[in-house]
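Please open the model in your viewer and keep the selection tool at hand. The stops below are arranged so that each selection leads to the next.

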Amino acid sequence: MLLELRLGPPGHGGFCVARHEGRVVFVRHGLPGELVRARVTEDRGKSFCRAEAVEVLEASPDRVPATCPVSGPGGAGCCDFSFATPEAQRALKAAVVTEQLRRLAEWETKVTVEPIPLGDNGNSETGGWRTRIRLVVDDEGRAGMHRYRSSDVITDLRCPQPMAGALDGIADSRWTPGAELVIAVDDDGLRHIVELAPPKSGRRSGGDRRSTTARRAATHGPRPERVIEGSGRAVQYVAGRRWEVSATGFWQPHRGAAQWYSDVVADWADASPGALAWDLYSGAGVFAARLAEQVGPEGSVLGVESSRSAVADGTAALRDLPQAELRAHRVERWLDDRILSAPPQVVVLDPPRAGAGKDVITALTAPLPARIVHIGCDPAAFARDLGLYRSAGYTPTHLRAFDAFPATHHVECLALLEPTP
(Lines give C-alpha, C1' and ligand atoms only; values in the text may rest on other atoms or scores of the structure.)
Protein backbone atom coordinates (compact mmCIF):
# COMPACT_ATOMS: atom_id res chain seq x y z
CA MET A 1 0.00 0.00 0.00
CA LEU A 2 1.30 3.47 -0.93
CA LEU A 3 0.39 6.56 1.11
CA GLU A 4 1.08 10.22 0.45
CA LEU A 5 2.19 11.69 3.77
CA ARG A 6 3.47 14.95 5.22
CA LEU A 7 6.13 14.01 7.75
CA GLY A 8 6.12 15.39 11.26
CA PRO A 9 8.75 15.33 14.03
CA PRO A 10 11.36 12.60 14.48
CA GLY A 11 10.57 9.66 16.73
CA HIS A 12 12.83 7.48 18.82
CA GLY A 13 14.08 4.75 16.49
CA GLY A 14 15.11 6.47 13.26
CA PHE A 15 11.77 7.48 11.75
CA CYS A 16 9.47 10.48 11.40
CA VAL A 17 5.89 10.54 12.64
CA ALA A 18 3.02 11.06 10.20
CA ARG A 19 -0.74 10.54 10.37
CA HIS A 20 -3.15 8.94 7.96
CA GLU A 21 -6.88 8.59 8.55
CA GLY A 22 -6.48 8.90 12.29
CA ARG A 23 -3.63 6.44 12.60
CA VAL A 24 0.03 7.09 13.36
CA VAL A 25 2.53 6.08 10.68
CA PHE A 26 6.22 5.64 11.54
CA VAL A 27 8.09 6.52 8.34
CA ARG A 28 11.75 5.75 7.72
CA HIS A 29 13.97 7.45 5.12
CA GLY A 30 12.26 10.83 5.42
CA LEU A 31 12.88 14.15 7.16
CA PRO A 32 10.51 16.44 9.08
CA GLY A 33 8.37 18.59 6.80
CA GLU A 34 8.86 16.48 3.70
CA LEU A 35 5.98 15.31 1.53
CA VAL A 36 6.64 11.70 0.58
CA ARG A 37 5.07 8.71 -1.01
CA ALA A 38 5.50 5.90 1.51
CA ARG A 39 5.09 2.14 1.22
CA VAL A 40 3.52 0.41 4.24
CA THR A 41 5.92 -2.31 5.41
CA GLU A 42 4.21 -3.52 8.57
CA ASP A 43 0.59 -3.20 9.67
CA ARG A 44 -0.77 -5.31 12.48
CA GLY A 45 -4.06 -3.44 12.66
CA LYS A 46 -3.27 -1.43 15.77
CA SER A 47 -3.16 2.33 16.22
CA PHE A 48 0.02 2.61 14.16
CA CYS A 49 1.79 1.08 11.20
CA ARG A 50 5.29 1.25 9.75
CA ALA A 51 6.31 2.55 6.34
CA GLU A 52 9.29 3.73 4.34
CA ALA A 53 9.52 6.71 2.04
CA VAL A 54 10.09 5.43 -1.49
CA GLU A 55 9.60 8.76 -3.26
CA VAL A 56 10.23 12.31 -2.01
CA LEU A 57 7.71 14.73 -3.49
CA GLU A 58 8.84 17.81 -1.55
CA ALA A 59 12.36 17.57 -0.15
CA SER A 60 13.72 19.15 3.00
CA PRO A 61 16.62 21.60 2.54
CA ASP A 62 18.55 19.28 4.89
CA ARG A 63 18.40 16.38 2.42
CA VAL A 64 21.61 15.36 0.65
CA PRO A 65 22.54 12.36 -1.54
CA ALA A 66 22.67 9.31 0.72
CA THR A 67 26.18 8.33 1.80
CA CYS A 68 25.15 4.70 2.47
CA PRO A 69 23.99 2.61 -0.50
CA VAL A 70 22.91 -0.28 1.73
CA SER A 71 20.33 1.28 4.04
CA GLY A 72 17.70 2.78 1.74
CA PRO A 73 14.13 1.47 1.33
CA GLY A 74 14.14 -2.29 1.60
CA GLY A 75 17.74 -2.27 2.79
CA ALA A 76 19.68 -2.76 6.00
CA GLY A 77 19.10 -0.87 9.23
CA CYS A 78 22.66 0.44 9.47
CA CYS A 79 22.39 4.13 8.50
CA ASP A 80 19.01 5.68 9.30
CA PHE A 81 19.94 9.26 8.39
CA SER A 82 22.70 9.03 5.79
CA PHE A 83 20.57 11.23 3.50
CA ALA A 84 20.67 14.22 5.91
CA THR A 85 23.44 16.73 6.54
CA PRO A 86 25.51 16.02 9.67
CA GLU A 87 24.05 19.12 11.31
CA ALA A 88 20.51 17.95 10.58
CA GLN A 89 21.29 14.46 11.90
CA ARG A 90 22.43 15.92 15.22
CA ALA A 91 19.40 18.19 15.37
CA LEU A 92 17.10 15.18 14.87
CA LYS A 93 18.82 13.30 17.69
CA ALA A 94 18.70 16.34 19.96
CA ALA A 95 14.96 16.64 19.34
CA VAL A 96 14.42 13.00 20.26
CA VAL A 97 16.48 13.25 23.48
CA THR A 98 14.71 16.47 24.43
CA GLU A 99 11.28 14.88 23.95
CA GLN A 100 12.20 11.74 25.90
CA LEU A 101 13.51 13.80 28.81
CA ARG A 102 10.38 15.94 28.83
CA ARG A 103 8.00 12.99 28.63
CA LEU A 104 9.73 10.36 30.78
CA ALA A 105 11.84 12.41 33.19
CA GLU A 106 9.57 15.48 33.35
CA TRP A 107 12.66 17.58 32.71
CA GLU A 108 12.57 20.52 30.33
CA THR A 109 16.07 21.24 29.05
CA LYS A 110 17.84 22.22 25.86
CA VAL A 111 19.86 19.39 24.36
CA THR A 112 22.74 19.80 21.94
CA VAL A 113 24.28 16.74 20.30
CA GLU A 114 28.02 17.18 19.83
CA PRO A 115 30.22 15.47 17.23
CA ILE A 116 33.18 13.41 18.40
CA PRO A 117 36.25 14.69 16.55
CA LEU A 118 38.96 12.34 15.35
CA GLY A 119 41.81 14.86 15.28
CA ASP A 120 44.33 14.13 12.54
CA ASN A 121 42.71 10.81 11.76
CA GLY A 122 39.78 12.15 9.79
CA ASN A 123 36.21 13.34 10.09
CA SER A 124 33.75 10.78 11.46
CA GLU A 125 30.83 12.59 9.80
CA THR A 126 31.86 11.14 6.46
CA GLY A 127 32.29 7.58 7.74
CA GLY A 128 35.26 5.51 8.78
CA TRP A 129 34.52 5.81 12.49
CA ARG A 130 33.51 2.25 13.40
CA THR A 131 36.22 -0.06 14.77
CA ARG A 132 33.93 -2.97 15.69
CA ILE A 133 31.73 -4.68 13.08
CA ARG A 134 29.54 -7.75 13.51
CA LEU A 135 28.34 -9.48 10.35
CA VAL A 136 26.06 -12.46 9.79
CA VAL A 137 26.72 -15.24 7.30
CA ASP A 138 24.02 -16.49 4.94
CA ASP A 139 23.34 -20.06 3.79
CA GLU A 140 25.86 -19.70 0.97
CA GLY A 141 28.66 -18.58 3.27
CA ARG A 142 28.53 -14.90 2.32
CA ALA A 143 28.92 -12.24 5.01
CA GLY A 144 26.48 -9.36 5.28
CA MET A 145 23.95 -7.50 7.40
CA HIS A 146 20.35 -8.21 8.24
CA ARG A 147 17.68 -6.43 6.28
CA TYR A 148 15.81 -3.99 8.55
CA ARG A 149 13.43 -5.90 10.88
CA SER A 150 14.15 -9.13 9.02
CA SER A 151 16.34 -12.23 9.16
CA ASP A 152 17.22 -11.83 5.46
CA VAL A 153 20.92 -11.19 4.85
CA ILE A 154 22.12 -8.38 2.57
CA THR A 155 25.64 -9.16 1.33
CA ASP A 156 26.39 -5.64 0.09
CA LEU A 157 29.20 -4.40 2.38
CA ARG A 158 29.49 -0.83 1.09
CA CYS A 159 28.24 0.82 4.32
CA PRO A 160 30.61 3.76 5.06
CA GLN A 161 30.70 3.24 8.85
CA PRO A 162 33.72 0.86 9.14
CA MET A 163 37.27 2.16 9.22
CA ALA A 164 39.16 2.06 5.94
CA GLY A 165 40.39 -1.45 5.25
CA ALA A 166 38.27 -3.11 7.94
CA LEU A 167 36.21 -5.10 5.43
CA ASP A 168 38.91 -5.73 2.82
CA GLY A 169 38.55 -9.23 1.42
CA ILE A 170 35.49 -10.13 3.50
CA ALA A 171 33.10 -10.25 0.55
CA ASP A 172 35.54 -12.35 -1.49
CA SER A 173 35.77 -15.11 1.13
CA ARG A 174 33.31 -17.81 2.12
CA TRP A 175 32.50 -18.41 5.76
CA THR A 176 30.62 -20.99 7.82
CA PRO A 177 26.88 -20.72 6.99
CA GLY A 178 24.92 -19.41 9.96
CA ALA A 179 28.04 -18.12 11.73
CA GLU A 180 28.81 -14.51 12.64
CA LEU A 181 31.97 -12.53 11.99
CA VAL A 182 33.38 -10.07 14.48
CA ILE A 183 35.88 -7.66 12.95
CA ALA A 184 37.90 -5.32 15.17
CA VAL A 185 40.56 -2.79 14.19
CA ASP A 186 42.58 -1.88 17.27
CA ASP A 187 44.58 1.20 18.19
CA ASP A 188 47.78 -0.35 16.87
CA GLY A 189 46.07 -0.58 13.48
CA LEU A 190 45.83 -4.38 13.54
CA ARG A 191 42.73 -6.13 12.24
CA HIS A 192 41.28 -9.08 14.09
CA ILE A 193 38.67 -11.37 12.53
CA VAL A 194 36.90 -13.90 14.72
CA GLU A 195 34.23 -16.31 13.50
CA LEU A 196 31.52 -17.20 16.03
CA ALA A 197 30.00 -20.64 15.54
CA PRO A 198 26.31 -20.75 14.53
CA PRO A 199 24.02 -20.55 17.56
CA LYS A 200 22.42 -23.80 18.67
CA SER A 201 18.86 -22.72 17.91
CA GLY A 202 16.41 -23.26 15.12
CA ARG A 203 15.48 -20.79 12.43
CA ARG A 204 12.59 -18.40 12.74
CA SER A 205 9.27 -20.23 12.84
CA GLY A 206 7.19 -17.10 13.33
CA GLY A 207 5.11 -15.85 16.19
CA ASP A 208 6.23 -18.12 19.03
CA ARG A 209 7.50 -15.87 21.81
CA ARG A 210 9.21 -18.69 23.67
CA SER A 211 11.13 -19.83 20.60
CA THR A 212 12.12 -16.23 19.89
CA THR A 213 13.44 -15.82 23.45
CA ALA A 214 15.38 -19.08 23.21
CA ARG A 215 16.82 -18.04 19.85
CA ARG A 216 18.01 -14.70 21.23
CA ALA A 217 19.54 -16.37 24.28
CA ALA A 218 21.45 -18.77 22.04
CA THR A 219 22.64 -15.97 19.79
CA HIS A 220 23.99 -13.85 22.64
CA GLY A 221 25.24 -16.70 24.81
CA PRO A 222 28.78 -18.18 24.78
CA ARG A 223 29.70 -19.65 21.41
CA PRO A 224 32.87 -21.33 20.11
CA GLU A 225 35.23 -18.82 18.50
CA ARG A 226 37.75 -19.29 15.70
CA VAL A 227 40.38 -16.61 15.14
CA ILE A 228 40.79 -16.06 11.40
CA GLU A 229 43.12 -13.06 11.38
CA GLY A 230 45.14 -11.30 14.07
CA SER A 231 45.37 -12.62 17.60
CA GLY A 232 41.78 -12.01 18.69
CA ARG A 233 43.20 -9.66 21.35
CA ALA A 234 42.71 -5.99 20.50
CA VAL A 235 45.06 -3.35 21.91
CA GLN A 236 43.37 -0.10 22.98
CA TYR A 237 44.71 3.08 24.58
CA VAL A 238 42.80 5.54 26.77
CA ALA A 239 44.42 8.42 28.69
CA GLY A 240 47.86 6.94 28.08
CA ARG A 241 46.96 3.52 29.48
CA ARG A 242 47.10 0.31 27.46
CA TRP A 243 44.35 -2.32 27.40
CA GLU A 244 44.42 -5.69 25.69
CA VAL A 245 40.85 -6.92 25.34
CA SER A 246 38.97 -9.66 23.56
CA ALA A 247 38.04 -8.64 20.03
CA THR A 248 34.60 -10.14 20.61
CA GLY A 249 34.03 -8.30 23.91
CA PHE A 250 32.56 -4.85 24.36
CA TRP A 251 34.52 -1.75 23.44
CA GLN A 252 33.16 1.56 22.23
CA PRO A 253 32.74 1.18 18.44
CA HIS A 254 33.52 4.82 17.63
CA ARG A 255 37.28 5.12 17.65
CA GLY A 256 37.25 8.41 19.51
CA ALA A 257 34.49 7.63 22.02
CA ALA A 258 36.36 5.82 24.82
CA GLN A 259 38.81 8.70 25.27
CA TRP A 260 36.09 11.32 24.95
CA TYR A 261 33.79 9.76 27.55
CA SER A 262 36.71 9.05 29.85
CA ASP A 263 37.63 12.73 29.89
CA VAL A 264 34.05 13.82 30.64
CA VAL A 265 33.70 11.27 33.43
CA ALA A 266 37.01 12.30 35.00
CA ASP A 267 35.99 15.96 34.90
CA TRP A 268 32.57 15.40 36.46
CA ALA A 269 33.56 12.73 38.99
CA ASP A 270 36.20 14.95 40.63
CA ALA A 271 36.83 12.30 43.30
CA SER A 272 38.82 13.45 46.33
CA PRO A 273 42.12 11.85 47.41
CA GLY A 274 41.31 9.03 49.80
CA ALA A 275 37.67 8.77 48.69
CA LEU A 276 35.65 5.69 47.77
CA ALA A 277 34.20 5.47 44.25
CA TRP A 278 32.10 2.86 42.45
CA ASP A 279 32.26 2.03 38.76
CA LEU A 280 29.19 -0.05 37.92
CA TYR A 281 28.91 -2.03 34.68
CA SER A 282 32.62 -1.26 34.53
CA GLY A 283 33.60 -3.32 31.49
CA ALA A 284 37.39 -3.43 31.31
CA GLY A 285 37.73 -0.54 33.78
CA VAL A 286 38.28 2.50 31.56
CA PHE A 287 36.44 4.78 34.00
CA ALA A 288 37.78 2.93 37.05
CA ALA A 289 41.30 3.84 35.92
CA ARG A 290 40.51 7.57 35.92
CA LEU A 291 38.75 7.32 39.29
CA ALA A 292 41.70 5.43 40.77
CA GLU A 293 44.08 8.18 39.69
CA GLN A 294 41.88 10.74 41.44
CA VAL A 295 41.40 8.90 44.76
CA GLY A 296 45.09 7.96 44.94
CA PRO A 297 46.75 5.19 46.96
CA GLU A 298 44.72 6.02 50.07
CA GLY A 299 41.40 5.77 48.26
CA SER A 300 39.46 2.89 46.79
CA VAL A 301 37.61 2.17 43.57
CA LEU A 302 35.27 -0.80 43.29
CA GLY A 303 34.28 -1.85 39.79
CA VAL A 304 31.49 -4.34 39.10
CA GLU A 305 30.98 -6.10 35.77
CA SER A 306 29.15 -9.32 34.89
CA SER A 307 31.60 -10.34 32.13
CA ARG A 308 34.44 -12.32 33.68
CA SER A 309 36.64 -11.88 30.62
CA ALA A 310 36.24 -8.09 30.77
CA VAL A 311 37.12 -8.12 34.47
CA ALA A 312 40.23 -10.18 33.74
CA ASP A 313 41.28 -7.80 30.96
CA GLY A 314 40.66 -4.77 33.17
CA THR A 315 42.51 -6.23 36.14
CA ALA A 316 45.57 -6.76 33.94
CA ALA A 317 45.39 -3.20 32.57
CA LEU A 318 45.05 -1.70 36.07
CA ARG A 319 47.63 -3.85 37.84
CA ASP A 320 49.68 -0.77 38.78
CA LEU A 321 46.65 0.73 40.58
CA PRO A 322 46.12 -1.46 43.67
CA GLN A 323 43.40 0.92 44.89
CA ALA A 324 41.20 -0.25 42.00
CA GLU A 325 39.46 -3.62 42.31
CA LEU A 326 37.24 -5.05 39.58
CA ARG A 327 34.78 -7.78 40.51
CA ALA A 328 32.85 -10.19 38.34
CA HIS A 329 29.30 -9.87 39.65
CA ARG A 330 25.82 -8.81 38.60
CA VAL A 331 25.39 -5.19 39.63
CA GLU A 332 21.92 -5.69 41.15
CA ARG A 333 23.09 -8.51 43.40
CA TRP A 334 26.31 -6.75 44.34
CA LEU A 335 24.36 -3.66 45.39
CA ASP A 336 22.15 -5.78 47.67
CA ASP A 337 25.26 -6.51 49.75
CA ARG A 338 26.31 -2.85 50.02
CA ILE A 339 23.62 -1.78 52.51
CA LEU A 340 25.92 -1.58 55.52
CA SER A 341 29.09 -0.69 53.62
CA ALA A 342 30.86 2.66 53.56
CA PRO A 343 29.08 5.14 51.26
CA PRO A 344 30.84 6.11 48.02
CA GLN A 345 31.61 9.72 47.22
CA VAL A 346 31.16 9.12 43.48
CA VAL A 347 29.28 6.52 41.45
CA VAL A 348 29.82 6.07 37.72
CA LEU A 349 27.58 3.71 35.78
CA ASP A 350 27.25 2.77 32.14
CA PRO A 351 24.38 0.25 32.08
CA PRO A 352 23.21 -1.80 29.08
CA ARG A 353 20.87 -0.31 26.51
CA ALA A 354 17.80 -1.15 28.63
CA GLY A 355 19.06 1.17 31.37
CA ALA A 356 19.73 0.69 35.08
CA GLY A 357 16.12 0.54 36.29
CA LYS A 358 14.41 1.19 39.59
CA ASP A 359 16.09 -1.46 41.77
CA VAL A 360 19.62 -0.42 40.83
CA ILE A 361 18.98 3.31 41.12
CA THR A 362 17.19 2.92 44.45
CA ALA A 363 20.13 0.93 45.84
CA LEU A 364 22.92 3.16 44.56
CA THR A 365 21.25 6.40 45.73
CA ALA A 366 20.49 5.03 49.22
CA PRO A 367 23.98 5.85 50.61
CA LEU A 368 23.66 9.38 49.16
CA PRO A 369 26.79 9.67 47.01
CA ALA A 370 27.80 13.27 46.35
CA ARG A 371 27.95 12.76 42.59
CA ILE A 372 26.59 10.22 40.12
CA VAL A 373 27.73 10.08 36.51
CA HIS A 374 25.20 8.16 34.41
CA ILE A 375 25.81 7.11 30.81
CA GLY A 376 23.15 5.83 28.43
CA CYS A 377 22.98 4.87 24.75
CA ASP A 378 19.18 4.72 24.49
CA PRO A 379 17.31 8.04 24.92
CA ALA A 380 14.15 6.45 26.33
CA ALA A 381 15.96 4.26 28.87
CA PHE A 382 18.24 7.17 29.76
CA ALA A 383 15.26 9.45 30.37
CA ARG A 384 13.44 6.84 32.46
CA ASP A 385 16.52 6.45 34.63
CA LEU A 386 16.84 10.22 35.08
CA GLY A 387 13.21 10.30 36.18
CA LEU A 388 14.03 7.68 38.83
CA TYR A 389 16.97 9.74 40.06
CA ARG A 390 14.75 12.79 40.37
CA SER A 391 12.27 10.75 42.43
CA ALA A 392 15.17 9.61 44.63
CA GLY A 393 16.19 13.19 45.42
CA TYR A 394 18.83 13.84 42.74
CA THR A 395 18.95 16.61 40.16
CA PRO A 396 20.79 16.47 36.82
CA THR A 397 23.23 19.39 36.91
CA HIS A 398 25.07 18.70 33.65
CA LEU A 399 24.08 16.93 30.46
CA ARG A 400 26.06 16.17 27.31
CA ALA A 401 25.00 14.17 24.27
CA PHE A 402 27.39 12.86 21.63
CA ASP A 403 26.98 11.79 18.03
CA ALA A 404 28.92 8.58 18.61
CA PHE A 405 27.07 6.80 15.79
CA PRO A 406 27.03 9.19 12.79
CA ALA A 407 24.38 8.59 10.10
CA THR A 408 22.36 6.42 12.51
CA HIS A 409 19.59 7.35 14.97
CA HIS A 410 21.74 6.29 17.95
CA VAL A 411 23.14 8.83 20.41
CA GLU A 412 25.13 8.60 23.64
CA CYS A 413 24.06 10.69 26.64
CA LEU A 414 25.95 11.49 29.85
CA ALA A 415 24.49 13.20 32.92
CA LEU A 416 25.95 14.39 36.21
CA LEU A 417 23.48 14.07 39.10
CA GLU A 418 23.81 15.63 42.51
CA PRO A 419 21.55 15.67 45.58
CA THR A 420 18.67 18.12 45.16
CA PRO A 421 19.24 21.15 47.41
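Begin with the charged side chains: the count comes to 29 salt bridges, a salt bridge being a side-chain nitrogen of Lys or Arg within 4 Å of a carboxyl oxygen of Asp or Glu. Side chains of opposite charge can pair when their charged atoms come close. The model is predicted, so local features need pLDDT of at least 70 and side-chain atom pairs count only at pLDDT 80 or more, whereas totals for chains, interfaces and linings use all residues. Residues are numbered from 1 along each chain as its sequence is written, and side-chain values use heavy atoms, with hydrogens and water left out.

**Stop 1: salt bridges**

Select R28 and D80. Their closest N and O atoms are 2.8 Å apart, and the two residues form a salt bridge. R28 belongs to strand β4 (residues 23-28) and D80 to the loop between β6 (48-58) and α1 (86-104), so the pair ties together parts that are 52 residues apart in sequence. Helices (H or I, at least four residues) and strands (E, at least two) are DSSP runs, numbered from the N terminus. Are R28 and D80 buried or exposed? R28 is buried at 4% relative accessibility, and D80 is buried at 2%. Here buried means under 20% relative accessible area, exposed over 50%, and partly exposed in between (1.4 Å probe, protein chains only).

Now select D156 and R158, a salt bridge whose closest N and O atoms are 2.7 Å apart. D156 is partly exposed, with a relative accessible area of 22%, while R158 is exposed at 53%.

For a network, select E42, R44, R50 and R149, which are linked by salt bridges.

**Stop 2: helix α3**

Select R290 and D263, which form a salt bridge with closest N and O atoms 3.0 Å apart. R290 sits in helix α4 and D263 in helix α3, so this pair links distant parts of the chain, 27 residues apart. R290 is buried at 17% relative accessible area; D263 is partly exposed at 33%.

Which residues of α3 are buried? They are A257, A258, Y261, S262, V264, V265, A266, W268 and A269. Among the elements that cover these buried residues are β14 (233-238), α4 (286-295), β20 (371-376), β21 (394-403) and β22 (412-419), where contact means heavy atoms within 4.5 Å.

Next, pick Y261 and F402. The search of the whole structure finds eight aromatic pairs, and Y261 with F402 is a tilted one, 5.9 Å centre to centre with 45° between the planes. Rings of Phe, Tyr and Trp (its six-membered ring) pair if their centres lie within 6.5 Å; planes under 30 degrees apart count as stacked, over 60 as edge-to-face and the rest as tilted. Because Y261 lies in helix α3 and F402 in strand β21, the pair ties together parts that are 141 residues apart in sequence. Y261 is buried at 1% relative accessible area, and F402 is buried at 0%.

Move to the residue that follows α3: D270 has a positive phi, near 45°. D270 lies in the loop between α3 and β16 (276-280). Most residues other than glycine have a negative phi. L368 also has a positive phi, near 55°; L368 is found in the loop between α7 (358-365) and β20 and is exposed at 59% relative accessibility.

**Stop 3: an open sheet**

Select the six strands in the order β10-β9-β8-β11-β12-β13, which form an open sheet with antiparallel pairing. Two strands pair if DSSP finds at least two bridges between them. At the edges stand β10 (153-154) and β13 (225-229), each with a single partner strand, so one side of each has no neighbour in the sheet. Within the sheet, β11 (residues 180-185) and β12 (residues 191-196) pair over six bridges; A184 stands opposite H192 in β12.

**Stop 4: cysteines**

The structure holds zero disulfides. C78 is buried at 15% relative accessibility.

Terms used
A disulfide is a pair of cysteine sulfur atoms within 2.5 Å.
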